[in-house]
Every structure is written in C-alpha cells, then in structure tokens.
Amino acid sequence: MLSRRQFTGLAAGAVAGSFVSTTTPAVATGDRDPVRFVSTYQSRPPDPGAVLLGSPGFEVHGDGIGDDTAAVRAVVDEASRRGIANKLGDILGGVRDFPLGDGGGVVLVPPGTYRLTGPIDVHDSVRIIGYGARRPRFVLADNSPGYAGSTPRDVFSFRRRPVGGPVTYANNDTFGSGLINLDITIGPGNPRAIAVRFGGAQLCVLQDLDLEVGDGWAGADHNANLIQRVRVTGGAVGLNAFAASAGWQTTVLDCRFTGQRETAIRTNNDAKLVLVRTVLADAPRGVECVPGQFVHLYLQNCLLDDLSDTALLLNDSDLLPDASNPLIRNSNQLNLVDSAVRRTGTLLTLAQSGGRTPAREGAVDLTYGLRIERALSAGETRSDGVRTFSRPCDDTTIREMLRSDVPDLPPVSSWVSITEVAARMGRTVGSGTEDDLAVFQAAVDRHETVFVPIGEYLLAGTLRLRHRTNLVGLHPRQTWLRTPDGTSYFGDPQRPAALVETPPGGRNIVSGLGLDTARDTAGSVNIRWQSGRGSYLADITTQFVKWHPEDVASGDPGYTYRGRHKYGVWVRGGGGVLSNIWSANGWADNGLLVEYSTVPTRAYEVSVEHHQHREVVLRHVANWEFLGLQTEDHLYGWQSQAVELDHCHDLLFGNSVFFRVATVLGPSPYGVGLRNSRAITFRGNRGYRDKTPEFTQWGASVADLGTGRSVPEPEFTVVEIR
C-alpha cells in the first residue's frame, strides 16, 4: 500500500495515454499494464481425475463454427457425477438434501474457440479450467435464442442441485466452484446476455478471465468470494454486485473494467466489495449504488479514469430508508485509500441531495460515513460525512500502485506429479488407507513444484517443505491431505504438530489443497506457515466442523467430530500473501493464529468460522493488512470472539465482516479485543444482523481489555486506534 507520506512530495505531472495490454485495451498509464493478463496454465495440468473437454464422449468442434453447447454441458455433468461418486467434497454428508460429496470436480478445457448457443450450468463445486499458450475462448453465438428478451440471461451460471429438488442458483451452501483461465465473448444480437452469473460461498472464484460483453448486458451478475485478474470490456454493466452468500464481502483483485455503457460496477442489496489494484475506466460511472440501498465499499490502490458523469455514486446516508436507525445509517460506508483519479470531473456524488465532491487529478483518499479517531482514548472523536485528501502523482507512481503482489504459479511444465514420484519409488499413493508421507517427503525433497491430483492422501506425520518448495493442486475440495485418525504423532496438544510445514523465511507456494487433521488428534495443526516475502498461501480449506457441546446430539455429520485440535492455520514468524482461505475446523482452539510476525503481509478474502472461543488470534504481529476478513460463530459458538489482538501494531482491517448467525444463544460483549496494541486501523465493518439484534449485534465492535474502553458502534467507516 502506498502511504500518504509516500504520495506526498511526488512531482505533479501530466497523466495521459493508455495501457497496451496483451489482448483487450485496459486503460491508462502511458505504458504496459503492470499486471500480466496471460494464460496461467500454459500446458495441460497432469490430473487424471479431471474430465477433458474434447475427449471421447465429449467431442467438440472447437473452431468457433460448430455448436459445442451440448458437449460443454455434458462434460460439466460428468465432473459433477465424479464428485458425487468420490465423496471428496462431502461437507454436510447428505443432510439438507445434499448429495454425498456435494458433487464437484474439474473440467479441463484445451485451446480453441467453443461456440455456445445456450447457457452452461456450473454445478456445485465444479471448476472449469482452461489451458494453453492462448486461453480457450467460449463465444455466445450471434443472435442466440433467449438473449434478446426483457430478462437478463446468463451464459455461464453457478448452480446448486439438491437431491430431488429443483436446480437453483448457487447460494451459501455452494463451495469451491470456479471459472479459471478462460475467456468469454458475447456475440452481437444478445442485448440481455450476462457472461457469468457468479454466486456461491467460500472458495468460489472467477480467475484469469477476459469477459468481452460487447452489446450484451453485463460481465458478471451477483458475486461470490474472489474475482481475480478479470478484465471486463463493454456491456451496460461490468459487475452487477450483491451481498455474497451468506452476506459476505467479495474481493475484486487486480481487475479491469473498461468501456461500460452505464457503470463499471452497480451495487445492490447490501453489497460489500473490496477492490484492490482495480481499474474502472471509460464509462459514465465507476461504481453506482441503486436507490434505497447502503453499500460497504472499500477501494485500495485503484485507478478511476475517464469517468464522464461521476467516479462514485452513493445514496445519502441520512436519507436511506430507516436512516433514523444508526445501524442502517452507519452501514453506508465508503473508503477510497491510496488510489488515483484522472480525466474525471466528479469524484463522489450523493444521489438524493445532489452533493458533489470534485475530483482533482492525482492521488486521493476519501471516506464517507462515521469516522472514529483516536479511538479507545480520552481524546476519541466522532465525525461523519465526506472527507477527502488529494495530492499529485505521476505515471510511474500509478503503475507501481497497480503492480500486483500476488506471485505467479510455477509453469505447468515444471510440475512433477506425486503419482510420478510414487511410481519411480515402486509405490502408489492416494488409497486413502496407506501412509503416503514418505512419498510426499521424497517428492518435495527432490523437486521444486509438486503437483497433487484429485484424491485423498494420508500423511501420518508432518510434511516439511524446503526453502523454495511449491505444493499445488487444482481444487481444495477434491484434493485432500489427511491425517489418519487417532495418530499418536498428532496427539499432544502441548507439542502441536502440523500436517504441512514450511521453513522459516522460505519462498513457498501452497495452493489448491484441502487439509484435514481428522477427529482424534488433539495436537494437530492443519498448516504451520513460516514462509516470508514472496510466498503465497492460497485456495486452501480445512475440514468443515461446527463446534458444539459434548452433550448435544446432532444429526449433521459435520457436527459429530469429538476431537480437539490445536490450531487451523498457524503463521509463526512468516507472511507473504494469503488469499481465498477457508479455515473452518471448529474443534481447533482458533482458526487462524499469527505469532511473532513483522513480515509485510496482505491477507485477501480469508474466512475463519465456527470455533468455540476465538476465530482469529494475532500475537506480536505488525505490518499485516486483512482485506476482506470474514468470521462467523454459530448456534453453540455464541461466545466466540471474532479477533484477538495482543501486543500488535501497524495493522489494517479493510471491509471486515464479523458475523453472528441468527440462531446464537446469547449476546457477546465485543468482536475485537485488544491488549497492549496500537496503530490499528479498521476501515469498513459489518458487525450486526437484523435478526434477533439483541444477540446478533456485538456489544462493542472493538474493546481495549486493559483500560475497559470500547467502541460500541458495530457499523462504521473508519476506526483509528493510535
């Protein structure tokens, strides 16, 4: 993040020209886009459990002329069928009309142009992944039936298929679905077409896509967890955003929205968006909120360029329906941080009053909503309304502002499959019954990047990565590393042992894996992360367990675990980039523990849920940013604290959701508890539900456990603690 001090003193300069991108024009800095929009998987990932489009039974034309709709539908159905059969994605185990395994799987798409004439349903937990030197492209044929009516219609749509029930749009019981490394083009004559109806909950992704909407309606409609390196060109709307299931925020990371006819992003129904290093350009508006709605909007290191009407359009907080309720009024939150604006006359427009904040060319910070400064001190102050701070910046500064901190995955050509290593050792892996640790350890000792195909692998001890070892899978709910139940190695809570461990200061990538530490493993940790700068922990899940008391019976298999685990994700001295992580091992003491880390770190879209006492614990931590952190207690975990800070400083929390479910059994005094901590900033916060608010609203959002001072408001735009 570029600090205010870094911006101050930069020479003013003309900011003109346009990006030159690899395929479609992006925007704006007089040089090439610092983000590389290229094919992530240059060659075919070696996963025999994936279904290949174009293989026998799923033949396609691939020339952009023949109709490939039926084949694409069939290959998605086959991936889902395999996921139901292998049960690897099983979370809820058949309750609530879920199929065992909830479906799930991987479809691999080779290079080509695939002509579609109707919608493609992306079923529960199916990921469609393209590969090749040029990404495969799906084209909705010109004048396709059903795309010219009065109702918008999707090309790809994330769906849920309960047993015996109707197919519905994806919801809060849909996990892990994705469209990755492919492009979608909407041909002429489809004015109501949406490239992607994107819904679902944790681990759902849109990643490495070009969505060329043309005269269609929208690039993406609705939103789930993570939208990363996606470019949307054309359309009336780039992203038509809502609150993600089940009310979470969505992180929009390293994206480009250009050339929309109405607005780059439209927000509806309590949308919560975290935009980082994202460009909104060449449109009437950058972000607009529909009438009568509040929005939790956080933009950091973003560029607002050539927006002819206004960069941002929000509703007046005090004129919202029910604005007399401070929970509603304070829920209208805007943070624009370390960003830049140019060729735009108006930065912010308030819709009802018509109030306008002029845009000044250059760098900008802006907030709208409740600000609490010098919080938890005798000098605490509160203010409301618009506050802005501008300063000059030049092309070089903007390019550096937009430069991504997310490491690239190693090229597929460098991957060595764990099954190849096993074969050379005269072994097999993935039986789900035999210990595979020796093969995995040999693989990471000998090879830099080890690929783990779909399957279930047992590790009876700690897998220790070397300094530059990478461990990669394609789907965290179909690729599991598990501890055998009752293994004594993981049995001592006084000597916690991790399923996977990285070395201190390592430069590691661990991505696309599920980590399951079983039931009777009191000293287990899913991963101990000690890696440093340049490292990347992403697309990771733990086993799904909701804590409940021993004397409470439950018919849900997800609630019947009786184990005791030490931690979920344990960061000790490390950092780097963390992204799209779901830590929901409810029997653990906490889901994310960070200790003794000063490594500058950004954590994007991290979800920590269902623990009895605390979700996130930070001890002796500095220089971390949590952008889109979400926590959730549940029925029996009603005393769970969202975040605990102990001897911490220089932390940023951007657009957090500290969620309490409607069925909790009682109130909780505070969401974030601090001890001996300073220089903490919270920007944007959701801390209540409108159902049983006496229980689902935190007694205070932030409390100093030493002095007893607290910030009672659960909704705010900024809280600064010095």
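Predicted model: local features only at pLDDT ≥ 70, side-chain atom pairs only at ≥ 80, totals over all residues.
Between them, domain 1 and domain 2 bury about 1,200 Å², of which 45% lies on carbon and sulfur atoms. Of the area that domain 1 buries against domain 2, 43% is supplied by Trp-217, His-222 and Asn-223, which is more than any other three residues give.

**Layout of the chain**

- The protein chain is divided into domain 1, covering 43–224, domain 2, covering 234–404, and domain 3, which is made up of 430–454, 466–483 and 531–721.
- The centres of domain 1 and domain 2, taken over C-alpha atoms, are separated by 31 Å.

**Contacts between domain 1 and domain 2**

- On the side of domain 1, 17 residues are in contact with domain 2, where 18 residues take part.
- The number of salt bridges between domain 1 and domain 2 is zero, whereas 16 residue pairs, with both residues at pLDDT 80 or more, are in polar contact between these two domains.

**The side of domain 1 that touches domain 2**

- Two strands, β12 (205–214) and β13 (218–221), each supply at least two residues of the side of domain 1 that touches domain 2.
- The most is given by β13, which contributes four residues to this side of domain 1.
- By residue type, the side of domain 1 that touches domain 2 divides into six nonpolar, nine polar and two charged residues.

Notes: Residues numbered from 1 in each chain as written. Heavy atoms only, no water. Domains from an automatic or database assignment. Contact = heavy atoms within 4.5 Å. Buried area = accessible area lost by both parts, 1.4 Å probe. Salt bridge = Lys/Arg side-chain N within 4 Å of Asp/Glu carboxyl O. Polar contact = N/O pair within 3.5 Å; in protein donor to acceptor, adjacent residues only side chain to side chain. Nonpolar A, V, L, I, M, F, W, Y, C, P; charged D, E, K, R; others polar.
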